[in-house]
Amino acid sequence: MRKHLFWVILLLAGLCQQAWAQDRSISGKITDRNNGQGLPGVTIIVKGMPTVGTSTNADGVFSLSVPSTATSLVFSFVGYATQEAPITGSNTINLALATDTKQLNEVVVTALNVERSRNSLAYSATQIDGSEVTQARNPSAVNGLSGKVAGLAITQSNTLGGSSNVVIRGSKSLFGNNQALFVIDGVPISNANTNSNAQQTGGSGYDYGNAASDINPDDIATTTVLKGAAATALYGERAANGVILITTKKGRKGLNVTVNSGITAGRIDKSTFIKYQKQYGAGYGEYFNDDNGTPVAPTADDASYGIKFDPTLNVLQWDAYTPGSPNFGKATPWVAAANDPSTFFKTSVSTLNSITIDGGNDQGNFKIGYTNNVERGVIPNSKVIKDILNFSAALNLTPKLTTSATVNFSRTSGLGRYGTGYGSENLMTNFRQWWQTNVDIKEQENAYNYANQNATWNLASPETGNNAAIYWNNPYFVRYQNYENDTRYRTFGNVVATYKATDWFNVLGRVTLDSYDEMQEERAALGSTTASYPSYYSRYNRTYREINYDLIGNFKKDINENFSFQGLIGANMRRQYIKSIFASTNGGLALPNLYALTNTVSPLIAPTETDVSIGVDGLFANATFGYRNRVFLDLTARRDKSTTLILANNTFIYPSVSLGYVFSEGLRDIAPWVSYGKVRANYAEVGQGANPLSLYDYYIQSPALGAAAIARLPLTKNNQDLVPERTRSGEVGIETAFLNSRVGLEATYYQQNTINQIIPLRVSTASGYSARYVNSGEVRNRGIEITGFVVPVQTENFTWRLSANWTRNRNEVLSLFNGVDNIVLATYQGGISSNATVGQAFGSLRGSDYTYLNGQKVVNASGTAYVMTNSSAVIGNPNPNWRGGVTNTLTYKGLALTFLVDVRQGGQVFSLDRYYGLAGGLQPETAGLNDLGNPSRDAVTNTAASGGIILPGVKADGTPNTTRVANDASGLYGYGANPNAGFVYDASFVKLREASLGYTFPSTLTNRFGFVKGVTLSIVGRNLWIIHKNLPDADPEEGLSSGNLGQGYQSGSYPLTRTLGANLRLSF
Amino acid sequence: MKKAIVFSLSTLLLATGCVDKLTEYNVDIKNPAAVPGVSLFSNAERTLTRTVVSTSVNLNPFRLYVQYWAQTSYPQESRYDINTRQLNRAFWDALYTGSLSNLNEAKKLIPNNQFASAAVQKNQQACVEILAVYTWKTLVDTYGNIPYSEALDFNNAQPKYDDAKTIYASLFTRLDAALAALDPSAAGMGSADIFYNGNVASWIKFGNSLKLRMALTIADDDAAKAATAATQAAPKVFTQVSDKAQLQFVSAPPNTNPLWEDLVQSGRYDFIGASPFVNQLNALNDPRRASYFKTGPGGGYVGAPYGALNKYGDFSAPGSRLEDPTLPGVLLSYSEVEFLLAEAVERGIAVGGTATSHYNAAVTASIQEAGGSSADAATYLAQPSVAYATATGTYKQKIGIQKWIALYDQPVVAWTEWRRLDSPSLVKPTRAVSEIPLRLPYPSTELSLNGANREAAAAAIGGDRVTTRIFWDKF
């Protein structure tokens, strides 16, 4: 069958070569290949005669009178690939235009926003159409890219508005930034997060998200992912991590109004939340306390290894001590909670509405857009509101001088973002690690609502009158009283002037600004548990400014018929200013419900300030030589001078060279079924500067003790001799398309070695410091990226398109520092650490492991625990073997169905949730039957009716372990008895990431409303189904924060939210 | 056209010249580039004291190891789990980077102070040295061989480990030099000295008391050296309760006694008296009970089984004296000095007095420190089970028991003295993951960052295990 198809297509292609020559009228209908609908406004000209042309009407229909000499028509439309159709015997030409990204001769936005034909690119650059990002109405433009680009790994978090880790081609820098640089219309946008180090390493905190989420997805025209160093070399010092270039929409001709209105609702995916045993209640042991003869549940015990449930047993539980509770003073039956913590989650509701008005004529164009996005989370009292206003305009002042400006203003305000990591503000830590199965969530809610007090289940000692919260608060009190709130006001934009000196030279001057001010307020109300910290209010203010001045001269000239030249020379001046101030109350809050710094028990400790300025000046040049539109040689060089290094060391040159050969040009006649073919190879060196303030040493002041001023050395020794990190990158690739671009394949192999790593090298603290900045170490990333598409079915009404991408990145630490073969990157609760180890992948997890004898786990002499190694055994690698994504798009007339399956294979994750949860007896496996068929929690009697467990394994002498031991708290299943390695899981997943079903109403219907140009209604779903995973009770993708830290470590992880929504798009 | 190119190129050149002039860009304007050397000494006093008096399960497990206290719901540290919280690393880091590296820096900065006379600077350097010796001794007593001669040099990321006994010898020399340098007629650290407010005479007593402690620490290993040092030090040691070296904490965080942070501020109820200790107090009808513990249910003092999961309400909690944020943190007490002198007499070292007189003075001082009267002490000492003449056991056992009771506020020293005197006899709990630690293993960071040297040290001391004895721990 496939062979047949091939010949038929070949034959058709041959037939089309014939051209007729006579003066006549040609008409037809131009449709969108994706949905079969007529495309209004398509420009049609006769090839070689730019003055002879027309455009399609509202239905996509055109009619054009052409001279007899005309051989073909050229169809072009914004956002679609320009297509050529030969004029044949027929007077009708019907054509389905494909969107830009699928075509290989498209114009691609490259570094510094230079537009180049894809033909001339000798490096991998993936361009994604804006509509693909917004297909599933993801409010985050970053997350909307997930699974769609080979080599781009986006790890989303399940918190509301949390940060996303965006890494291209693997982590390169051990301690530096590995996040891709975002550039919007030439404005570099920081994707940094301001999460605390503690938050990122699993301590208590909030994930405030990263700043690239301030981009309005509906304003994106195209996104280009520049992956390798050759593609990004013009960015010099900040090019090492790849660049995500976003081009926003421009005003179109006429006046256009587009409105998007959507609502989505979400529920947690219960396969990513803990399941509880329902047989035993609160306690670290099988006991009750006593209140004048009445049994009292051990409310202070945050575990469920207590007495077996028995409805006939009446026990004073937490609510017996909660004034206002209907059970106040009453003993109630000892039963499992009717509502476990999974009922704590609500339906999340989000709205995303946007309006764009644009217009233009020959003199210029403009665009105004407004987006409002309100997201409410799955846990109570959580929302993030985003308002984004954007404006852009371009004006042709004279035929030679064009000016344009864009400004994007956004306000993001969060309230009650989810607490993360290990702490009482993260209820997942509570629910997954330290819970009592007899506590009913609904009763906790009611109890909170009586008086808005901390009516916690975790009372210290109610039987003796101590009703303070010992470790955990009432979950509703946490959400409604201990909330955080934050705002970020951000302005970014540019002013550009282009002077076209001649037809082959123009000068572009550009000033860009990214500026934001953020404030984060956190609090723990009076009455909260003080186990980790007393009640507090803290405030963090940070301002960020980045200004870039660019001056770029562009050359473009065909030297002769065979040789073409395109080039640029330019300069960039970058200035960044970051200031912050943080203050917190000291020793607790003096008065309730007042969140001000003055409301402090002990005198306020002076706020902590930071003030950092960075300046980098760059000079750069680029030249692209083309030979017969087949061979392209691309050379770039950039010289950066940075203030983060001392004067003698601060100038660096970053070069690149790329070569591409479009072999299909020569195959036109021999193999016309080859629609496109190009091979390419390149080499580049790019860099990453030192962190500011890593050169000179300073002391740190602490609050005075009595009359003594206190100062100390910092723990990190700075180094004046630092030079930038350098990434040497090479890649080879092939791009092909066959059978009229019905099938395409692109493959790239790359290797990147990052040398001279700037490392705050952990040193033996016996040296007096815990770290010292050095340039040392090498990390290699090599991998394969494959992108392919096939259009198996393409008829007038029905199209099925399948595109897929696959990435395999192998990361290896090649060297570190003289004699050092391991550097600890971060340490986490539980004795786990992230490491860079020579010969291993970045971020390998270390902790204690089992010891083995003949492949069997060794149990200790008393049979109560496994014999463990020390905590430096390598127990996991968080890096996946490969990632892939498959997108299917099916269109039938006005109906379009798209779904994306996202796959991650391999990589591992450590679960602190299970490490503690199993020790506390929360999961069903801690309360099952033993090998004798008896309840394992029954007493060990060593009779046939005995409870207890025999740990599987062998004794020190190699004989099987036969010692039956009691299954009690902190005992056999969790930490204590098992090493860290017992809680490392495979992090693979297969997810149905996005699905959307859209219907575009036929124009025959919408035309009745006159001014309406188009109506599209879509139903969208995200994270609908985890088709496969191996991590119990959690989402393998969930992490703590973006950044290098915390990868492969889960503590208090949030369940995945499945969302389903509807969106209406109207254009006028 | 040409103009445009010329203009743009010249602008380019201009633009890239800017960074050269921006030297102020990489300057931290929010942190000091220079500080007085004595402020680093203050920091060392604070960090050292907080480290040795803390009861944080992430830092200092020694109140548990000597079975003063048991834990309630989370008994891992009582079962000698060191890996999970890596407290061996925290303890090591606090002493090296918190105390020693700041003392080292203070030593470098003190000569910069043009306003202090040479005599004052000499006194200041001697105080720095005494505190350094105290810290080094604590490290050696905890880990055995440690990086010493090559330590505190940032150019050497992998300092070699020195033999513990050799370090002790060096510490004696350094301490002697410091004591010789101290001149009471000149000023010392002034208000930067949180222990003695700059009183040089007090530092002479503190230094000699420390020397006495060091002498007896090595007495089982090197009796001659111990005798020499003890004899030299004895005339100049503490002579009254108020001589003791302690840091006065204040009521406002972050300078509170860390005990208060863990026992009160946290709102947690993690610690209760352990039965071996409480039973001992009960058996001796000890007047310090009311200070050391609260009463348990039923009004008596009830200790919990050590190493088990315990219910807080069933047992005696640490006493309310320990719940005061301003409770001083003790580094060396008069009571301890008298116990050392008693032991010295028993070992035949000529320090004056009799074992009984020193023993009585030691116990009396301890009872007074705990708020008791001299009458309480007399009554207590009159009991045959307490009186030195009639109490059971060898001198080590007799002194060991009473010293154990007296060192309640000094858990690190208590652990050392228990190892050295082998009294009281303590038993590991059933779910212990190891024997009772006789040392802490080297931190995991040394394993990865200073591997070869740590390996050599482990081999030299007979294995990096909790059961490996420090060189002075002969029995």
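This is a predicted model: local features need pLDDT of at least 70, side-chain atom pairs count only at pLDDT 80 or more; totals for chains, interfaces and linings use all residues.

User: Where does Thr97(B) lie, and which residues is Thr97(B) in contact with, leaving aside neighbours within four places in sequence?

Analyst: Thr97(B) belongs to helix H4 of chain B, which covers residues 87–109. With those neighbours left aside, the contacts of Thr97(B) are Leu715(A), Thr765(A), Gly768(A), Tyr769(A), Ser770(A) and Asn102(B).

User: How many salt bridges are there over all chains?

Analyst: A salt bridge pairs a side-chain nitrogen of Lys or Arg with a carboxyl oxygen of Asp or Glu within 4 Å. The count over all chains is 77. One of them joins Glu546(A) and Arg238(A), at 2.8 Å from N to O. This pair links distant parts of the chain, 308 residues apart: Glu546(A) is in strand S32, whereas Arg238(A) is in the loop between helix H4 and strand S17 of chain A. Both Glu546(A) and Arg238(A) are buried.

User: Are the partners Glu435(B) and Lys428(B) buried or partly exposed?

Analyst: Their side chains meet in a salt bridge of 3.1 Å, N to O. Glu435(B) has a relative accessible area of 42% and is therefore partly exposed; Lys428(B), at 37%, is also partly exposed.

User: Which residues are linked in a network of salt bridges?

Analyst: Such a network links Arg118(A), Arg169(A), Lys227(A), Lys678(A), Arg680(A), Glu731(A), Glu735(A), Glu746(A) and Glu785(A).

Notes. Residues are numbered from 1 along each chain as its sequence is written. Chains are lettered from A and ligands numbered from 1 in the order in which they are written. Side-chain values use heavy atoms; hydrogens and water are left out. Helices (H or I, at least four residues) and strands (E, at least two) are DSSP runs, numbered from the N terminus. Contact means heavy atoms within 4.5 Å. Buried means under 20% relative accessible area, exposed over 50%, partly exposed in between (1.4 Å probe, protein chains only).
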